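Subject: Structure for you, with notes

Hello,

Here is the structure you will be working with. My notes follow it.

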Amino acid sequence: MYPTRILRSALPQIGDEKPNITGFSMRKFLAHTKKPRYDPWERNEAWRYTGRFSRFNRYRYALPGFGTAVVAFTAYCIYEQLFLKKDDHHHGEEHH
């Protein structure tokens, strides 16, 4: 290592409290971690998570006919129990 680099690292730099031999500055590290990284494709991918494709709507529209099917099945079960009577009395007839 050149002596000039050693001397330069020993001199205080502007903005740093102490010079560091490794070149790592915790202050700079924390400044970069607080800011989100720029994503050039973020705008193009935003449609996947908004509007009709939001998380709520994805689950809401996952089974589009399920509600109608539940109502129709319940109505049929009620109709069957009230109006369609099962004839359990055989009156002497035997089944084949």
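A salt bridge here is a side-chain nitrogen of Lys or Arg within 4 Å of a carboxyl oxygen of Asp or Glu. The search of the whole structure turned up 1. Arg-48 pairs with Glu-45, and their closest N and O atoms are 2.5 Å apart. Arg-48 is partly exposed at 40% relative accessibility. Glu-45 is partly exposed too, at 33%. (Buried is under 20% relative accessible area, exposed is over 50%, and partly exposed is in between, with a 1.4 Å probe and protein chains only.)

Some ground rules. This is a predicted model: local features need pLDDT of at least 70, side-chain atom pairs count only at pLDDT 80 or more, and totals for chains, interfaces and linings use all residues. Residues are numbered from 1 along each chain as its sequence is written, and side-chain values use heavy atoms, with hydrogens and water left out.

Overall fold. The chain has 5 helices and 0 strands, so its pattern reads α-α-α-α-α (helices are DSSP runs of H or I, at least four residues; strands are runs of E, at least two; numbering starts at the N terminus). Of its 96 residues, 3% count as buried.

Aromatic pairs. Rings of Phe, Tyr and Trp (its six-membered ring) pair if their centres lie within 6.5 Å; planes under 30 degrees apart are stacked, over 60 edge-to-face, and the rest tilted. By this rule there are 3 pairs. One of them joins Phe-24 and Phe-29, tilted, at 5.9 Å centre to centre and 45 degrees between planes. Phe-24 is partly exposed at 48%. Phe-29 is partly exposed at 41%. Tyr-79 and Phe-83 also pair: the centres are 5.5 Å apart and the planes at 40 degrees, so this pair is tilted. Both residues lie in helix H5 (residues 66–83), 4 residues apart, about one turn of the helix. Tyr-79 is partly exposed at 43%. Phe-83 is exposed at 59%.

Surface patch. Tyr-79 and Phe-83 belong to a nonpolar patch of about 660 Å², together with Tyr-76, Ile-78, Leu-82 and Leu-84. (Patch residues have over 30% relative accessible area and no salt bridge; like charges are joined within 9 Å, and nonpolar side chains, meaning Val, Leu, Ile, Met, Phe, Trp and Tyr, within 5 Å.) Leu-84 sits in the segment after H5. Leu-84 is partly exposed, at 43%.

Charge over a ring. Arg-52 lies over the face of Tyr-61, 5.4 Å from the ring centre. (The rule: NZ of Lys or CZ of Arg within 6 Å of the ring centre and within 35 degrees of the ring normal.)

The record. An unreviewed UniProt entry lists residues 61–79 as "transmembrane region". (Positions follow the numbering used here, feature names are shortened, and annotations may be inferred rather than shown by experiment.) In the model, the end C-alpha atoms of residues 61–79 lie 29 Å apart. That span is 74% helix and 0% strand.

Best wishes

How values were computed: Accessible areas come from the Shrake-Rupley method with a 1.4 Å probe; for residues, only the protein chains shown count as cover.
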